[in-house]
Amino acid sequence: SQRARQPVACLMIDVDHFKRINDQYGHLAGDAVLREVAQRIDGEMRVSDTGVRFGGDEFAIVLPQGSVGDGERVATRVLDAVRSQPVSIGGHARETVTLSIGVAAAAPDQATRDYKVVADRLIAEADAALYRAKSAGRNRIATSKNIVR
């Protein structure tokens with residue numbers, strides 16, 4: 001980001017009400033849901049993006065040379081891809097799965113040398129936006145207005 005003088009965006013993604021899926025259908029079904037969600041997320045990412053399971057039912061995507069607007073566009077595609085078709089949960093059960101997504105961006109100054117601090121702040125901003133999306137009712141995207149430097 002610093003070398004290219006371009007921002008980097010981060011999306012924090014949480015599967016809404018995932019505990020209910022585990023409780024109602026069992027952990028194997030929950031794992032199947034996570035695999036399907038991960039495949040749908042992967043299908044909407046740009047070639048240059050990196051997606052990871054962040055823990056539990058959370059995922060993260062890093063968008064090199066990605067602004068908040070780029071992050072919002074990817075987040076919208078991801079959200080639509082996941083909620084548009086129910087997920088099969090063994091047998092005949094199908095569930096519509098929704099996501100809450102937080103988007104933030106960083107544009108480190110040329111003098112910045114502590115990239116871990118920038119990365120930690122970027123994740124914190126995206127995570128705070130994620131919690132705003134959850135607090136606003138889930139099944140939505142929230143963005144951070146703060147550009148991490």
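A crossing of two helices is right-handed if the near helix is turned clockwise from the far one by less than a right angle. The model discussed here is predicted.

Q: How do helix H2 and helix H3 cross, in a left-handed or a right-handed manner?
A: The axes of H2 (residues 27-44) and H3 (residues 68-83) come within 9 Å and cross at roughly 140°. That angle makes H2 oblique to H3. As H2 passes H3, the crossing is right-handed.

Q: How many residues of the contact of H2 with H3 are charged?
A: H2 contributes Val37, Arg40, Ile41 and Glu44, while H3 contributes Val74, Arg77, Val78, Ala81 and Val82. These residues divide into six nonpolar and no polar, and the number of charged ones is three.

Q: Is Leu99 buried or exposed?
A: Leu99 is found in strand E6 (residues 99-106). Among the residues that Leu99 touches are Val37, Val78 and Val82. A residue under 20% relative accessible area counts as buried. Leu99 has 0% relative accessibility, so Leu99 is buried.

Q: What distance separates the C-alpha atoms of Leu99 and Phe18?
A: Leu99 and Phe18 are 81 residues apart along the chain. In the model, their C-alpha atoms are separated by 9.7 Å.

Q: Which residue has a side chain joined to that of Asp16 by a polar contact of 2.6 Å?
A: Asp16 is found in the loop between strand E1 (8-15) and helix H1 (18-25), and its relative accessible area of 4% means that Asp16 is buried. The side chain of Asp16 reaches the backbone nitrogen of Asn139 at 2.9 Å. The polar contact of 2.6 Å joins the side chain of Asp16 to that of Ser100.

Methods:
Residues numbered from 1 in each chain as written. Predicted model: local features only at pLDDT ≥ 70, side-chain atom pairs only at ≥ 80, totals over all residues. Heavy atoms only, no water. Axes fitted to C-alpha atoms, helices over the stretch in contact; angles between N-to-C directions. Helix = DSSP H or I, 4+ residues; strand = E, 2+ residues; numbered from the N terminus. Parallel < 35°, antiparallel > 145°, perpendicular 65-115°, else oblique. Contact = heavy atoms within 4.5 Å. Nonpolar A, V, L, I, M, F, W, Y, C, P; charged D, E, K, R; others polar. Buried < 20%, exposed > 50% of the residue type's maximum accessible area, 1.4 Å probe, protein only. Polar contact = N/O pair within 3.5 Å; in protein donor to acceptor, adjacent residues only side chain to side chain. Lists of a residue's contacts leave out its neighbours within four places in sequence.
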